[in-house]
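The sequence and the structure are shown first.

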Amino acid sequence: RLPFAAAMLAVLLVPAAALVDPSDARGRVWVAEVDGRTHVARLRDVALGPSSDAGFVAVHDGLRITDRVVLDPSVIPGLADGVRIRPIDASTSRSTP
């Protein structure tokens, strides 16, 4: 038996809205991948875990903590593999008084 703390694993969470098709058993998300001096959209297969009541889904494989996930691909018209996109950092997207 493992001690409780040793049995715990770090898991990445993404908003359920980030999933390309939430009803699909295989998970897919869009990520912003660096391509020279720009970013391009890449469709990434991910291994999903359980979802939470707060609207997040666990990702067990297929993402790194440094990946920039498109949080809601439905708001980006024409999103396709290789299309140039401009990521927005959470710190720069807030309005300041």
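A residue is called buried when its relative accessible area is under 20%, exposed when it is over 50%, and partly exposed in between (1.4 Å probe, protein chains only). The model is a predicted one: local features need a pLDDT of at least 70, side-chain atom pairs count only at pLDDT 80 or more, and totals for chains, interfaces and linings use all residues. Residues are numbered from 1 along each chain as its sequence is written, and side-chain values use heavy atoms, with hydrogens and water left out.

**Overall make-up**

The chain contains two helices and six strands. Helices (H or I, at least four residues) and strands (E, at least two) are DSSP runs, numbered from the N terminus. In sequence order the pattern is α-β-β-β-β-β-β-α. Of the 97 residues in the protein chain, 23% are buried. A contact means heavy atoms within 4.5 Å. Among contacts with a separation of 6 or more, 50% come from residues 24 or more positions apart.

The pLDDT, the predictor's confidence in each residue from 0 to 100, averages 84 over the protein chain, and 82% of the residues score at least 70. Over residues 93-97 the pLDDT is below 50, and beyond near neighbours in sequence this stretch has one contact in the model.

**Strand pairing around β4**

Two strands pair if DSSP finds at least two bridges between them. Strand β4 pairs with β1 (residues 12-15) in the antiparallel sense over four bridges. On that side, Phe-56 of β4 stands opposite Pro-15. Strand β4 also pairs with β3 (residues 38-51), again antiparallel, over three bridges. Here Val-57 in β4 is the bridge partner of Ser-51. The β3 and β4 strands form a hairpin with four residues between them, and Gly-55 in the turn has a positive phi of about 90 degrees.

**Nonpolar cores**

A nonpolar core is a set of buried Ala, Val, Leu, Ile, Met, Phe, Trp, Tyr and Cys residues joined through side-chain atoms within 4.5 Å. The largest one has nine residues: Val-14, Ala-18, Leu-19, Val-29, Val-31, Val-46, Val-57, Val-59 and Leu-63. Another core lies apart from it and has six residues, among them Trp-30, Ala-32, Val-70 and Ile-85. In soluble globular proteins, nonpolar side chains tend to be buried together.

Leaving aside neighbours within four places in sequence, Val-59 is in contact with Val-11, Leu-12, Val-14, Val-46, Ala-47 and Leu-48. Ala-18 sits in the loop between β1 and β2, and it counts as buried because its relative accessibility is 0%. Ala-18 and Phe-56 are 38 residues apart in sequence and 9.2 Å apart in space, C-alpha to C-alpha.

**Salt bridges**

A salt bridge is a side-chain nitrogen of Lys or Arg within 4 Å of a carboxyl oxygen of Asp or Glu. By this rule there are four, including those in the table.

| Pair | N to O distance |
|---|---|
| Arg-42 and Glu-33 | 3.4 Å |
| Arg-42 and Asp-81 | 3.2 Å |
| Arg-44 and Asp-67 | 2.8 Å |

The pair of Arg-42 in strand β3 and Asp-81 in the loop between β5 and β6 (84-85) links distant parts of the chain, 39 residues apart. Together, Glu-33, Arg-42 and Asp-81 are linked in a network of salt bridges. Arg-42 is partly exposed, with a relative accessible area of 26%, and Glu-33 is partly exposed at 33%.

Arg-44 lies in strand β3 and Asp-67 in the loop between β4 and β5, so this pair ties together parts that are 23 residues apart in sequence. Both Arg-44 and Asp-67 are buried; for Asp-67 the relative accessibility is 16%.

What else does the side chain of Asp-67 reach, at 2.7 Å? It reaches the backbone nitrogen of Arg-64. Leaving aside neighbours within four places in sequence, Asp-67 is in contact with Val-31, Arg-44 and Gly-62. Of these, Val-31 belongs to the nine-residue core.

Definitions and conventions:
Polar contact = N/O pair within 3.5 Å; in protein donor to acceptor, adjacent residues only side chain to side chain.
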